[in-house]
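This short report is meant to be read with the structure in view. Please look through the sequence and the model below before going on to the sections that follow.

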Amino acid sequence: GYETALIGKWHISPQPQLVGFDKAIYPHFRHKYYGQTYYNENPDSIVVDKFGPYYESRQLENYLSEKKESPFFLFYNISPPHQPIGKGHIPDQYVNMYHPDSVLIRENARKMPDKEYDPDWLKSVNPDNSPKDWQDFYEFWYKVYTTSDFFWDWYSGRSIDKFKLPE
């Protein structure tokens, strides 16, 4: 047999252990990246004050380092990119990584004919600095979303690089 594990978001019910995961480390459903509560295979939970995805990537690295000699199935579902995003929700070094003009926005992505301007929805994207209109939203969203993709790619690659199969 092999061990099964989940690290990262879990947006369904029931809890991962009830559907067969032997090990599970996942954030409470409430979306926030600092001060996030994480559940693990113990009945207790822990609060991670630092950027939660850093914690998830460390858990991934620890798990992979333990599994070099035994078979496993890992469902790694990194939390970003997910709302809320932007300053205060990602590490400062990533906030202005991309200038809005450097991120290509496809013309068909700019049009949302079925949605009117909804300031409450836009505020949900980044409660601390809500976009003022759809154009501002696209510039903000694509810049920060691209940054989140970079973060995910870099940390996942770093974690996988640390996992070397035995020869």
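## Strand β1 and its partners

In this predicted model, strand β1 runs parallel to strand β2, and three bridges join the two. β1 also pairs in the parallel sense with β5, which covers residues 72-77, and this pairing extends over six bridges.

## A cis peptide bond in the loop

Between β1 (3-8) and β2 (23-27) there is a loop, and P14 lies in it. The peptide bond that leads from S13 to P14 is cis, with an omega angle near 5°.

## The nonpolar cores

The largest nonpolar core holds 20 residues, and among these I90 and F151 touch the most other members. The elements that each give two or more residues to this core are β1, α1 (52-66), α2 (92-95) and α4 (134-162), and the largest share, six residues, comes from α4.

If residues up to four places away in sequence are left aside, F151 touches F51, P53, Y54, I78, P80 and Y94.

Technical notes
Residues numbered from 1 in each chain as written. Predicted model: local features only at pLDDT ≥ 70, side-chain atom pairs only at ≥ 80, totals over all residues. Heavy atoms only, no water. Helix = DSSP H or I, 4+ residues; strand = E, 2+ residues; numbered from the N terminus. Pairing = 2+ DSSP bridges. Core = buried A, V, L, I, M, F, W, Y, C linked by side-chain atoms within 4.5 Å. Buried < 20%, exposed > 50% of the residue type's maximum accessible area, 1.4 Å probe, protein only. Contact = heavy atoms within 4.5 Å.
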